[in-house]
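Here's a quick walk through one protein model and its ligand. Have the viewer open and follow along.

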Amino acid sequence: MKKRVFHDIHEECGVFGVFNHPEAANLAYLGLYSLQHRGQEGAGICSSDGKQLHIEKSMGLVADIFTEKRLKRLPGHIAVGHNRYSTAGGSFLKNVQPIVANFALGSLAIVHNGNIVNATEIKKELEMDGAIFQSTSDSEVIVHLIAHAKGDSAPERIIHALSRVSGAYSLLVMLEKELIAVRDPYGVRPLCLGEVDGAYVVASETCALDLINATYIRDVEPGEILIINENGLKSIKVLQTIRKAFCIFEFIYFSRPDSYIFGYQNVNETRKEFGRQLAREMPTEADIVIPVPDSGVPAAIGYAEESGIHFDFGLIRNHYVGRTFIEPKQSIRHFGVKIKLNPVRKLLEGKRVIVVDDSIVRGTTSKKIVKMLREGGGAKEIHMRISSPPTIGPCFYGIDTPTRQELIASSHLVEEIRRYITADSLTYLSLNGMRSVLPDFDDYCAACFDNNYPINFPGEHLEQLELSFR
Ligand code: AMP
């Protein structure tokens, strides 16, 4: 695999911000806690007491990082927080956000979810101009652009900076006295606005609002800039929206099932509907439907409901192991599946089993699961059902998918994948089936399934698109 240059393109993350709450940092802590699934590599919180910013960040999980002592070092009524996803090339503390910087108008802290596709280009340009970068994160480019931008106010500078930037960003910028939330014109990543005790809250997903008893107000709109300060809330729409491109993978895998995203649609319900549609597309005789936990659970329930086949948990997950996908080395990942999942022989022995997962990326997980169900579980037949279409395109907008060569479906037919994972049968949800579940499908980016990339990206990413064969 080629080493990535300059920018680490994997920027899946969770963001949280709160304005005007006496316990701002504590709320940020809880918000990040509930957004932990969006990133487990590192986390940070920056608070403002109106005069000065205070920051605490580390590698690791939210619960381990934020001791009482550290939270006490975050005074003030404004705070922003960030969970960072693990990456292939850039596991450094310097890449953990918030990024804090001083500029002409004071101090700022930014947290960013998404991926800037022209970051390398801009970075080169800024470096030629004398800028010194601290991290390999594309988010730092935004900080430099804001610092270099013209304008007497932060919003003016942010607008100026973002007019240079192309890609996905759900972004929070905190100043000493202000919180600014921005969603890119395509609305690729989710971002919602809520309210608790008279304080405004902004978060990647609504599950973060639930934990702190905040009420959902609305989504931050694609291309919208929300300025929250002592004068209240002001919305500006200057970033031009050509089309929406909500990330379909948020529904398939990334967001939490209890969250409502992209216009307040429930993730669990959508996943169940994918499962129901999958059952309609390929009726299969079997004795039991089981999910690959946790990612396949809602779709498997939908599948079982629609097919009338008995549902049970035939694979038990050890919840104290991190997501296997985030382990950087192949060897560890192979081991990871086994350490994470174990079959329930009592349920599976001699049975025809339908096993539902949300996606196949490289194929290694499914292969291990089939083997495990046959050998450990004693299943007679194994029918793998995937509640999304074949993943054929890498993501440049913030989902951690590998290069095209590594995506098994980009170079193999479904029958070849079936043979590789050694299942008795394998079917995926059709693209049209997925379309039928989401009536506003044209507002989504489904490039990972249809190669239709809504936001142009410069040549540096093209190598990732190359096929190794065929
Ligand atoms: P693989 O072994 O590469 O085929 O991985 C497939 C598994 O990874 C499935 O169980 C998915 O739920 C999960 N998965 C899919 N996309 C991601 C992602 N971006 N991050 C972490 N896990 C993922």
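## Strand S21 and its neighbours

Glutamate 381 in S21 is the bridge partner of arginine 352. The chain goes from S20 through H13 to S21, a right-handed β-α-β crossover (right-handed meaning that, with the strands pointing away from the viewer, the path from the first strand over the helix to the second runs clockwise). Before going further, some housekeeping: this is a predicted model, where local features need pLDDT of at least 70 and side-chain atom pairs count only at pLDDT 80 or more, while totals for chains, interfaces and linings use all residues. Numbering starts from 1 along each chain as its sequence is written, and side-chain values use heavy atoms, with hydrogens and water left out.

Helices (H or I, at least four residues) and strands (E, at least two) are DSSP runs, numbered from the N terminus. Two strands pair if DSSP finds at least two bridges between them. S20 covers residues 352–357, and its pairing with S21 is parallel, with 6 bridges. S21 also runs parallel to strand S22 (residues 425–428), joined by 4 bridges. There, histidine 383 has serine 425 in S22 as its bridge partner.

How enclosed is S21 (residues 381–386)? Of its 6 residues, 5 are buried, so the strand is largely enclosed by the rest of the structure. Buried here means under 20% relative accessible area, exposed means over 50%, and partly exposed is in between (1.4 Å probe, protein chains only).

## Around the ligand

The ligand has 17 residues around it, and the closest are Asp357, Asp358, Arg362, Gly363 and Thr365. A residue is near a molecule if one of its heavy atoms lies within 4 Å of it. By class, this shell holds 7 nonpolar, 5 polar and 5 charged residues. For the classes, Ala, Val, Leu, Ile, Met, Phe, Trp, Tyr, Cys and Pro count as nonpolar, Asp, Glu, Lys and Arg as charged, and the others, Gly among them, as polar.

| Side chain | Ligand atom | Distance |
|---|---|---|
| Tyrosine 85 | nitrogen | 2.9 Å |
| Aspartate 358 | oxygen | 2.4 Å |
| Threonine 365 | oxygen | 2.4 Å |

Taken alone, the ligand exposes 500 Å², and the protein buries 96% of that. Those areas come from the Shrake-Rupley method with a 1.4 Å probe; for residues, only the protein chains shown count as cover. Helix H8 (248–254) and helix H13 (364–375) are the elements that give two or more residues to the shell around the ligand.

## Strand S4

Now look at S4 (residues 78–84). It is largely enclosed by the rest of the structure, because 7 of its 7 residues are buried. Ile78, Val80, His82 and Arg84 point one way from the strand, Ala79, Gly81 and Asn83 point the other way, and all are buried.

S4 has antiparallel pairings with S1 and S2. Strand S1 (residues 13–19) is joined to S4 by 7 bridges, running antiparallel, and cysteine 13 sits opposite arginine 84. S2 pairs with S4 in the antiparallel sense over 7 bridges too, with glycine 44 opposite histidine 82.

Serine 204, in the loop between strand S10 (199–203) and helix H7 (207–211), is buried, with a relative accessible area of 1%. A polar atom of the serine 204 side chain lies 2.8 Å from the backbone nitrogen of valine 15.

Glutamine 52 sits in the loop between strand S2 (42–48) and strand S3 (53–59) and counts as partly exposed at 47% relative accessibility. Glutamine 52 and glutamate 176 are 124 residues apart in sequence, yet 6.0 Å apart in space, C-alpha to C-alpha.

Where are the cis peptide bonds to check? One joins glutamine 97 and proline 98, with omega about 5 degrees; another runs from proline 293 to aspartate 294, with omega near -5 degrees. Proline 98 lies in the loop between S4 and strand S5 (99–103), and aspartate 294 in the loop between strand S17 (288–291) and helix H10 (297–307).

Notes: A polar contact is a pair of N or O atoms within 3.5 Å; within protein, one must be able to donate a hydrogen and the other to accept it, and residues adjacent in sequence count only if both atoms are side-chain atoms.
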